Amino acid sequence: MRKLLYISLATVAVFLGSCSQDDFADAYKDPSTVTTTTVPKQFAGFMKINYEDVIPSYWNYFTVIRTTSLTYTQAHGFTNTTGRYVPGAASFDRWGRYYKFITQYRELEKVMASLPAAEQADNRIFTIASTIYLYDHTAKMIDNFGDIPFSEAGRISSVGGNYSNASAKYDNQTELYTMMLDQLKAFSTELNSVTLSPKAELEFKNQDLINKGNLVSWKNYCNSLRLKLLNRVSAVPAMAARANTEIAEIIAEGKIVDENAENIAFRVYTQDTDLDTSGFIDALESWNNNIAPKPMIDHMNANSDPRKAWLFEPGQNAAGVYTGLDPLLNSGVQDQLIVDGKIAVYNRSVISRNDWLPGTLINAAEVNLLLAEYYSRSGNAGTAKTHFEKAIRQSVEYYVRLGDKADILTWKPATEPTVAEVDAYIALINFSGAATPVAQLELIAFQKYIHYNIMQADESWAEQRRLKLPVLSFQEDETSSIRKTPPTRWTYPGSENTYNTENYNAVKANDNLSTKIFWDVK
């Protein structure tokens with residue numbers, strides 16, 4: 001891991017910072033001087049380069065999602081400051097990191113293509129796994145931006161380091177989703193018959209930073225990602241039939257993340273490398289980023305949610321009472337409540353000071369909530385209820401188990417929720433009492449809101465835009481001339497207009513905070 005290959009950014013579009021033509025020449029490394037790599041090493045370098053997008057980290061939480069997804073979903077409480085609904089530099093940062101990531105993938109493709117046919121076949125698993133992982137993150141980019149450069153992105157090395165020939169066109173978001181679904185389906189079938197040579201098996205196990213070479217886990221990851229993306233497009237008229245048909249096929253095969261033991265995550269195994277959560281404490285606790293949101297706390301108080309003490313702590317001077325920050329108060333009142341220690345915060349032992357938090361990619365509670373939604377809209381309320389209740393139990397277990405390796409025990413609850421307490425909560429939620437798919441969806445969406453919270457903020461924002469649930473109240477930003485309520489997408493970074501002008505002009509008309517992503521049809 002000390003000798004991983006790192007090269008320059010993908011296209012002119014992602015050059016970081018204001019710069020001149022001479023700066024570009026310096027930024028793009030001459031491909032002839034790049035250190036020799038191999039398929040397994042390049043695979044590990046590709047996965048490692050974006051670990052901060054997955055493992056809770058300072059960069060992602062503080063510079064990107066603190067002022068975007070966390071706020072737009074009310075995953076945390078936030079003060080009503082000017083400009084709070086404008087992504088700003090966050091889109092620039094996320095954009096640049098994604099294109100570093102895709103450049104590593106293109107290098108993997110390049111190294112693979114240079115091998116003899118027999119060696120390409122022997123290394124096929126690295127292509128399958130890397131592409132599944134790429135598509136997971138590409139879907140998140142589409143969900144934030146819409147059309148993005150993809151098919152031509154990241155090819156600076158293949159054009160001899162000539163940045164002027166590396167600008168990339170924007171690919172249509174619907175077509176990209178379709179392409180990813182097609183290839184993921186093909187990978188799912190192919191994984192049924194993959195066999196590895198002893199050499200490939202050892203190298204894959206050693207270089208796979210997520211599933212440690214476990215082919216069953218990669219199959220589950222592939223199908224669960226398919227399930228998520230199919231569900232996301234299930235209301236798009238041209239894709240609805242495919243979504244329901246293929247979800248049924250995935251369920252019938254049964255190869256998905258269905259239990260917490262099968263969760264797909266970027267795990268922290270040691271504190272001796274930079275693959276850890278060391279910066280998360282500052283990211284979450286500074287600038288009051290860990291404040292509890294009122295809708296979540298109100299629900300937990302009213303229904304004795306067994307996750308409450310594992311996710312939150314009462315305010316320091318709140319006499320043990322959990323209170324979330326009201327999003328409709330003016331900023332002065334909000335600030336005073338926070339200063340006075342009256343507002344609950346995310347649990348420091350279990351969450352913000354836990355050095356072993358995993359970087360979640362797909363987990364069982366998430367999958368079962370997706371299945372509950374599928375069965376509900378299919379008219380099968382009984383099976384929807386089964387998956388809904390299973391998801392709640394798994395979510396409780398998930399957050400309790402996060403505390404197992406907590407180094408600081410000061411705020412960790414003394415006792416775990418009992419089966420009776422979880423059963424009582426499920427009874428209060430009463431899925432059976434939701435007589436219509438609309439009412440059922442409201443319950444499902446709120447459980448997604450709780451389960452995702454700050455840990456999967458990107459997914460939460462996508463689901464809230466898609467479902468228009470849960471219904472959350474936001475105070476309008478009357479001081480902003482750009483956006484008064486949460487946006488429906490991020491805007492492209494300004495460097496696109498400057499350095500990828502011709503391609504940017506093709507999508508410029510849709511580059512605003514009001515344009516919806518293609519699956520946002522409600």
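## Exercises on a predicted model

The largest pocket holds about 400 Å³ of space. The model is a predicted one, in which local features need pLDDT of at least 70 and side-chain atom pairs count only at pLDDT 80 or more, while totals for chains, interfaces and linings use all residues. Residues are numbered from 1 along each chain as its sequence is written, and side-chain values use heavy atoms, with hydrogens and water left out.

**Exercise 1. Describe the lining of the largest pocket.**

Step 1: on a 1 Å grid over the protein atoms alone, a pocket is an open set of points with protein on both sides within 12 Å along at least five of seven lines, whereas a cavity is a set of points where a 1.4 Å probe fits but cannot get out; lining residues have an atom within 4 Å of a point. Grid points are joined across faces, edges and corners, and a volume is the space filled by probe spheres set on the points.

Step 2: the lining of the largest pocket consists of 18 residues, and those nearest its centre are Arg 267, Trp 356, Pro 358, Arg 401 and Leu 402. Helix α18 (residues 381-402) contributes the most to this lining, with four residues.

Step 3: sorted by class, this lining comprises eight nonpolar, five polar and five charged residues. Here Ala, Val, Leu, Ile, Met, Phe, Trp, Tyr, Cys and Pro count as nonpolar, Asp, Glu, Lys and Arg as charged, and the others, Gly among them, as polar.

**Exercise 2. Find the residues that line the largest cavity.**

Step 1: the count of cavities of 30 Å³ or more comes to three, and about 320 Å³ of space lies in the largest cavity.

Step 2: of the 20 residues lining the largest cavity, Asp 53, Val 54, Asn 60, Lys 140 and Asp 458 are the closest to its centre. Helix α5 gives the most to this lining, with four residues, and the lining divides into nine nonpolar, five polar and six charged residues.

**Exercise 3. Work out which face of helix α9 is buried and which residues are exposed on the face turned away.**

Step 1: buried means under 20% relative accessible area, exposed over 50%, and partly exposed in between (1.4 Å probe, protein chains only). Helices (H or I, at least four residues) and strands (E, at least two) are DSSP runs, numbered from the N terminus.

Step 2: in α9 (residues 198-207), the buried residues are Ala 200, Phe 204 and Gln 207. Seen down the axis of α9, these buried residues fall within an arc of 80°, so they line one face of the helix; the arc is that of the directions from the helix axis to the C-beta atoms.

Step 3: the face turned away from the buried side carries the exposed residues Pro 198, Leu 202 and Asn 206.

**Exercise 4. Classify the ring pair of Phe 46 and Phe 101, and then that of Tyr 61 and Phe 280.**

Step 1: rings of Phe, Tyr and Trp (its six-membered ring) pair if their centres lie within 6.5 Å; planes under 30 degrees apart count as stacked, over 60 as edge-to-face and the rest as tilted. The count comes to 33 aromatic pairs.

Step 2: the ring centres of Phe 46 and Phe 101 are 4.6 Å apart and their planes stand at 15°, so the pair is stacked. Because Phe 46 lies in helix α2 and Phe 101 in helix α5, the pair ties together parts that are 55 residues apart in sequence.

Step 3: the rings of Tyr 61 and Phe 280 have their centres 4.8 Å apart and their planes at 70°, so this pair is edge-to-face.
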